[in-house]
Amino acid sequence: MNLTSTLVPVAQAPINDYTAPVRIWHWGNALLVSGQLLTILFQRVIVNTRSAVPEFQETMAKENITLSVKQARSLTHILSERIWEWHIYLGLALAAFWLFRVVLELRGPSEMRFSSRLMAAARRYRLAAPADKGDAGVALYARSTYALFYAFLTIMVITGLILTYHNEVAFFDQIEHTAEEIHNVTMYLIIAFFVVHVVGVVWSEVVKKSGLTSRMIGGETHKD
């Protein structure tokens, strides 16, 4: 008998299922989408142009400067334009990250392709024993929500580009209003995904001890 193999536990190979390009895309995309949502928050809640007009007037009145409503609106319009400029810059960066993800999906190795992961999860669920159907179903559900997010992100990027360049492209100008409505609805869908995603990650870490966060940050983790 080999006493060494009996007394010393064999170290398991690390799980390394998120490569560096995928992790870069994930965290970069998360920051850009969060930045986009923050500009919306500032625009519609914190720096609301309508409510800011009387505040500008009151502030300037303390300095013995009288502003008309039109003048105050001009000042709030400047703030609004600056916020939207940041929204556009972040949107263009988000479009670049989206293109990067498309290239990974089309040209990258299988471990970088979401479609491969989704099909693997579906195959695992289909072939799983009855006792393992629950875990396999959860994994498939998680992958399916990601598929929805990729669809939402694609719609957000396309409609955002239409709104950004509608003055330069005649066809974009014709569908600007429709694109804006779709863009706004998609924003709420992405917010909903963010909430579901965070809850799912916390559940996976606390209940399943999956090491998901470690793998997405460092690229690998060890299962106990």
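In the predicted model, residue N64 is placed in the loop that lies between helices α3 (49-62) and α4 (69-107). The backbone of N64 adopts a positive phi of about 60°, although this residue is not a glycine. Most residues other than glycine have a negative phi. The relative accessible area of N64 is 73%, and the residue is therefore classed as exposed, the cut-off for this class being over 50%.

A second region concerns the packing of two helices. Two packed helices are described by the angle between their axes and the distance between the axes. For helix α5 (residues 114-127) and α6, the angle is about 155° and the axes are 8 Å apart. Because angles over 145 degrees count as roughly antiparallel, α5 and α6 are assigned to that class. The crossing of α5 past α6 is left-handed. On the α5 side, the contact is formed by F114, R117, L118, A121, A122, R124, Y125 and R126. The α6 side contributes K133, D135, A136, G137, A139, L140, R143, S144, Y146, A147 and Y150. Classified by residue type, the contact of α5 with α6 comprises eleven nonpolar, two polar and six charged residues.

Among the α6 residues of this contact is R143, located in the helix spanning residues 133-164. The relative accessibility of R143 is 17%, so this residue counts as buried, the limit being under 20%. With residues up to four places away in sequence left aside, R143 touches Y18, F114, R117, L118 and A121. Of these neighbours, F114, R117, L118 and A121 are also listed among the α5 residues that form the helix contact.

How values were computed: Residues are numbered from 1 along each chain as its sequence is written. This is a predicted model: local features need pLDDT of at least 70, side-chain atom pairs count only at pLDDT 80 or more; totals for chains, interfaces and linings use all residues. Side-chain values use heavy atoms; hydrogens and water are left out. Helices (H or I, at least four residues) and strands (E, at least two) are DSSP runs, numbered from the N terminus. Buried means under 20% relative accessible area, exposed over 50%, partly exposed in between (1.4 Å probe, protein chains only). Contact means heavy atoms within 4.5 Å. Axes are lines fitted to C-alpha atoms, for helices over the stretch in contact, and angles run from 0 to 180 degrees between N-to-C directions. Angles under 35 degrees count as roughly parallel, over 145 as roughly antiparallel, 65 to 115 as roughly perpendicular and the rest as oblique. A crossing is left-handed if the near helix is turned anticlockwise from the far one by less than a right angle, and right-handed if clockwise. Ala, Val, Leu, Ile, Met, Phe, Trp, Tyr, Cys and Pro count as nonpolar, Asp, Glu, Lys and Arg as charged, and the others, Gly among them, as polar.
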